[in-house]
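Hi,

Here's the structure I said I'd pass along. Have a look, and my notes on the salt bridges follow below.

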Amino acid sequence: MATFYKRDEKAEEILQILKNEINQNNGILKREQLKPLGIDYRRVLDFVETKDLVRIRNGYYTDTLDRFTEESLIKGLFPDAVLCMESALFVWGYTNERPYSWKLAVDKNTSKSRFVLDYPKVTPYYTEEESLLIGQTSIDYQGIEFRIYDKERLICDCLKYEAKMDHAVYKEALRKYISDPEKNISNLMEYARERKVVKKVQNVIGVWL
């Protein structure tokens with residue numbers, strides 16, 4: 001059972017320090033930030049009990065979930081992740097269907113417990129470090145800068161994992177890529193070799209180029 005502290009001036013002072021820290025860190029307070037502040041972790045647990053703070057997931061807290069859009073929460077919780085598959089297709093405008101969960105490529109050594117969330121829904125794709133970097137770029141989406149795979153890497157991944165995708169989304173993505181005036185066929189073939197989908201690129205996309 002958590003130890004409760006009297007809501008005196010000291011408690012109010014500590015709460016204000018925590019809220020300041022939250023405001024300075026994209027709306028999220030992490031447990032490791034407490035030690036430099038000289039604040040006992042039990043204080044945070046008490047503030048959660050009194051609903052002055054909200055637990056997002058283990059070790060991550062905020063003052064109110066109303067401050068977040070899904071996008072800002074994803075960015076705050078997973079700054080190292082790369083938007084991939086259907087999420088990347090949606091952000092690039094290659095599908096009009098917003099995915100039910102956020103598809104995130106992460107290092108294969110990332111702790112699986114990070115993705116145990118009620119909200120927002122996330123689907124991690126655990127990836128070798130070398131593969132994680134292939135075609136990685138950034139994009140401003142909803143006023144937030146995300147890591148994302150570029151269009152050519154994304155299309156190669158769609159070809160590679162066609163069997164795991166909704167068929168309509170898959171076909172729409174290929175159609176929009178083929179008609180995209182900014183497509184880069186040189187990069188597409190380079191990634192195709194690295195992702196081992198050269199024949200699929202030639203057979204599925206090559207005939208339209």
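Let's begin with Asp80, which is partly exposed at a relative accessible area of 29% (buried is under 20%, exposed over 50%, partly exposed in between, with a 1.4 Å probe and protein chains only). Before going further: this is a predicted model, so local features need pLDDT of at least 70 and side-chain atom pairs count only at pLDDT 80 or more, while totals for chains, interfaces and linings use all residues. Numbering runs from 1 along each chain as its sequence is written, and side-chain values use heavy atoms, with hydrogens and water left out.

Asp80 pairs with Arg114 in a salt bridge, closest N and O atoms 3.0 Å apart (meaning a Lys or Arg side-chain nitrogen within 4 Å of an Asp or Glu carboxyl oxygen). That pair links distant parts of the chain: Asp80 is in the loop between helix H4 (70–77) and strand E4 (82–83), and Arg114, 34 residues apart from it, in the loop between strands E5 (102–107) and E6 (122–127). Helices (H or I, at least four residues) and strands (E, at least two) are DSSP runs numbered from the N terminus. Arg114 is buried at 15%.

Next, Lys151 and Glu182 form a salt bridge at 3.7 Å, N to O. Lys151 sits in helix H7 (residues 151–160) and Glu182 in the loop between helices H8 (167–178) and H9 (185–195), so parts 31 residues apart in sequence are tied together. Lys151 is buried at 12%, while Glu182 is exposed at 62%. Shared partners join Lys151, Asp180 and Glu182 into one salt-bridge network.

Over the whole structure, the search finds 11 salt bridges.

Cheers
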